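Me: I would like to go through this chain with you, from its overall build down to single residues. Please show it first.

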Amino acid sequence: MPKTFSKLSSSTFFFHFTLLFFSATSSGSFSNILSPKKFGLKREKLTHLHFYFHDIVSSRNPTAIPVASAASTNKSHTGFGVVMMADDPLTAAPDPNSKLVGKAQGIYASAAQDEVGLLMVMNLAFMEGKYNGSSLSLLGRNTVFSRVREMPIVGGSGLFRFARGYAQAKTHTLDLKTGNAVVEYNAYVFHY
């Protein structure tokens with residue numbers, strides 16, 4: 001009797017193991033490990049991008065407009081609760097008439113009650129030279145009155161596919177009456 005039981009256990013074990021193995025490796029799985037080479041990904045590069053962000057909120061043709069706010073936003077010294085939609089030019093130099101290299105398209109919102117701290121959700125869409133048609137995705141906190149602000153680059157497209165890195169923003173000019181600003185950006189991006 002013991003010999004039959006051990007044979008049955010071994011064959012039952014083998015059957016269950018085989019069933020589990022093929023279930024786990026079948027094409028019905030929701031994920032697969034892929035080789036980066038299959039997608040043409042080669043050695044990772046580090047790129048430095050330098051440009052100027054022009055945020056125009058007061059003019060005949062603003063590049064950033066409010067799309068939402070709370071009832072208490074106008075009473076807040078930080079503008080807490082305002083949400084802005086932006087299509088801001090990115091240029092090679094601080095002069096707004098300098099070469100256009102891209103657009104910052106997305107949303108920024110006042111997310112702090114004790115300082116002017118923005119939540120930035122932006123696509124930096126480039127339209128010049130080698131990076132024409134490529135974009136970077138920026139998501140982070142921007143404390144406007146800090147000398148230098150650092151925000152993460154969380155992804156990208158085109159030549160910036162699989163991008164990661166950070167951007168440093170430094171106010172070049174800010175008109176406190178109009179709210180219009182020119183901000184210098186230095187972005188450091190790892191990509192393939």
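This is a predicted model: local features need pLDDT of at least 70, side-chain atom pairs count only at pLDDT 80 or more; totals for chains, interfaces and linings use all residues.

Reply: Residues are numbered from 1 along each chain as its sequence is written, and side-chain values use heavy atoms, with hydrogens and water left out.

Me: Which pattern does the chain follow along the sequence?

Reply: The chain holds one helix and nine strands, where helices (H or I, at least four residues) and strands (E, at least two) are DSSP runs numbered from the N terminus. Read along the sequence, the pattern is α-β-β-β-β-β-β-β-β-β.

Me: What percentage of the residues in the chain is buried?

Reply: Buried means under 20% relative accessible area, exposed means over 50%, and partly exposed lies in between, with a 1.4 Å probe and protein chains only. Of the 192 residues in the chain, the buried ones make up 32%.

Me: Which residues have the most contacts inside the largest nonpolar core?

Reply: A nonpolar core is a set of buried Ala, Val, Leu, Ile, Met, Phe, Trp, Tyr and Cys residues joined through side-chain atoms within 4.5 Å. The largest one has 30 residues, and those with the most contacts inside it are Met-120, Phe-126, Leu-136, Leu-138 and Tyr-185.

Me: Which strands each supply at least two residues of this core?

Reply: The strands that each supply at least two residues of this core are β1 (45-55), β3 (83-91), β4 (100-110), β5 (117-126), β6, β7, β8 and β9 (181-191). In soluble globular proteins, nonpolar side chains tend to be buried together. Met-120 touches, among others beyond four places away in sequence, Leu-138 and Tyr-185, where contact means heavy atoms within 4.5 Å.

Me: Is Thr-143 buried or exposed?

Reply: Thr-143 is found in strand β6, residues 135-143, and its side chain is joined to that of Ser-146 by a polar contact of 2.7 Å (a pair of N or O atoms within 3.5 Å; within protein, one must be able to donate a hydrogen and the other to accept it, and residues adjacent in sequence count only if both atoms are side-chain atoms). Because its relative accessible area is 11%, Thr-143 counts as buried.

Me: How many Å apart are Leu-159 and Gly-133 in space, C-alpha to C-alpha?

Reply: Leu-159 has its place in the loop between β7 (149-157) and β8 (164-174). In sequence, Leu-159 and Gly-133 are 26 residues apart, and in space their C-alpha atoms are separated by 8.4 Å.
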